[in-house]
Each structure stands twice: as C-alpha cells, then as structure tokens.
Amino acid sequence: MNNYYIEFEKQIKNIKESGEKPSLLLHACCCPCSSHCLEVLEKYFSITVFFYNPNIDEWEEYSKRLEELRRFTKEAEFALDVKVVDGDYEPEKFYEMAKGREDLPERGARCYDCYRLRLKKTADYARENGFNYFSTTLSISPYKNAEWLNEIGMELEREMENGPVFLFSDFKKKNGYKRSIELSQQYGLYRQDYCGCKFSKRDRDLKKEKK
C-alpha cells in the first residue's frame, strides 16, 4: 500500500519552493470532512470547493450539507477566501451507476464507482475552468478507501491532456479525522451518520435494529 500522505507532502514542498499559490478544485462530500482539509490546504492554494454528490438520497439532505458548507466558509477564519460551487444534484446518475449492485456491501465495487463518478465530474470541471490541481476531501474519513481514491485521481489525471494535476490525499493522517471532529464541535457543524446514499442508510438502520 502506498503512503499517499508522503506523496502529498512532496507536492506541498514543491509548491512552497515555487513561491506560487496555485488554484485547487477540492471535491467535498460534506462540511465536517472539509473543515480540516481546508485548514491544511488554505496556506498553499487558492481553493474552490466543488460540492458534487449525486449519491445523496434526498434533496433535503443534499441541501443541508451544502448550506452547512457555505456557512462554515463564512465563519471559519481560514476559509473566508474559499469559494463554494454547487456541482448540481444528479441522483439519476448515481442510480444508473448502482443498478444491479444495490445489495452489495459498503466499501465494495459500488463504492469504488461512486468515488469515480464524483471525481470524474470534479476533474472535468477543473479542466474546463483552468484549475491547476484537483483533489477530494473523502480520504479524511476512516470509512473511505484512500488507496482507491488516489488510484482514481491519478488515472483521471492521465486521461486529461494538459489538464490539472491530481493532489494526493490521505487527510486522516496525523490525526486529521480527529481534528475534523474538533472543528465540528467548535463550529457546531451538522455531522451525518451515513455516507449519503440510501444503501448506506439501509445498512445504518439495520445496525441500529440489531442493537
């Protein structure tokens, strides 16, 4: 297994030495996961957060997460210059991707393709709008596969001619996930207890019933 946090640190070192502050399109799944990522990245990048999550099962949940992200970027001092872009709510694309795999367990093939669906849209937007880098906050979660996320990011970078560079990530390293919980408490952030899709909600409810 690769240590993608070391690769991330190498990229940051090169950026620091360049004396420049490149643009970064950062895919975000929710506000709590974004909090620590923005705290780490704002020193080195001009950041736009890209909220694209067609996996979220209900419009109300989607809107709640997006608005919480917008609130945070207006309140957290280190995020005041961060822009937030709504990538549009497209649940039909998630269900099309998941068709026939509804009963697969979490962290399986369906989740891999969900990662790719969201990162592909992020990479395309980054290329079309002239961003220097793209990445995702998903790797901060202990429930997400950082190996997969980085593999997908590298693959998407290779597919694009003269496109943005993928910024390696494993933001859970160095107590990143713990720090996201602290920031959530500090700013009173809404922390959901499922990834967003109806399948993860189903699994969550089954676990509650067993307890």
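I will go through helix α2 and its two partners, then a lysine.

This is a predicted model, in which local features need pLDDT of at least 70 and side-chain atom pairs count only at pLDDT 80 or more, while totals for chains, interfaces and linings use all residues. Residues are numbered from 1 along each chain as its sequence is written, and side-chain values use heavy atoms, with hydrogens and water left out.

Start with helix α2, residues 31-41, and helix α3, residues 59-75: their axes come within 9 Å and cross at roughly 30°. Axes here are lines fitted to C-alpha atoms, for helices over the stretch in contact, with angles from 0 to 180 degrees between N-to-C directions. Helices are DSSP runs of H or I, at least four residues, and strands are runs of E, at least two, numbered from the N terminus. The crossing angle makes α2 roughly parallel to α3, a label for angles under 35 degrees. On the α2 side, Cys31, Ser34, Ser35 and Leu38 meet Glu68, Leu69, Phe72 and Thr73 of α3; contact means heavy atoms within 4.5 Å.

Now α7. The axes of α2 and α7 come within 8 Å and cross at roughly 110°. That makes the pair roughly perpendicular, meaning 65 to 115 degrees. Pro32, Ser35, His36 and Glu39 of α2 make this contact with Gly176, Arg179, Ser180, Leu183 and Ser184 of α7.

Last, lysine 173 sits in the loop between β5 (165-166) and α7 (176-187). Lysine 173 is partly exposed, at 35% relative accessible area, where partly exposed lies between buried, under 20%, and exposed, over 50%, with a 1.4 Å probe and protein chains only.

How values were computed:
Angles under 35 degrees count as roughly parallel, over 145 as roughly antiparallel, 65 to 115 as roughly perpendicular and the rest as oblique.
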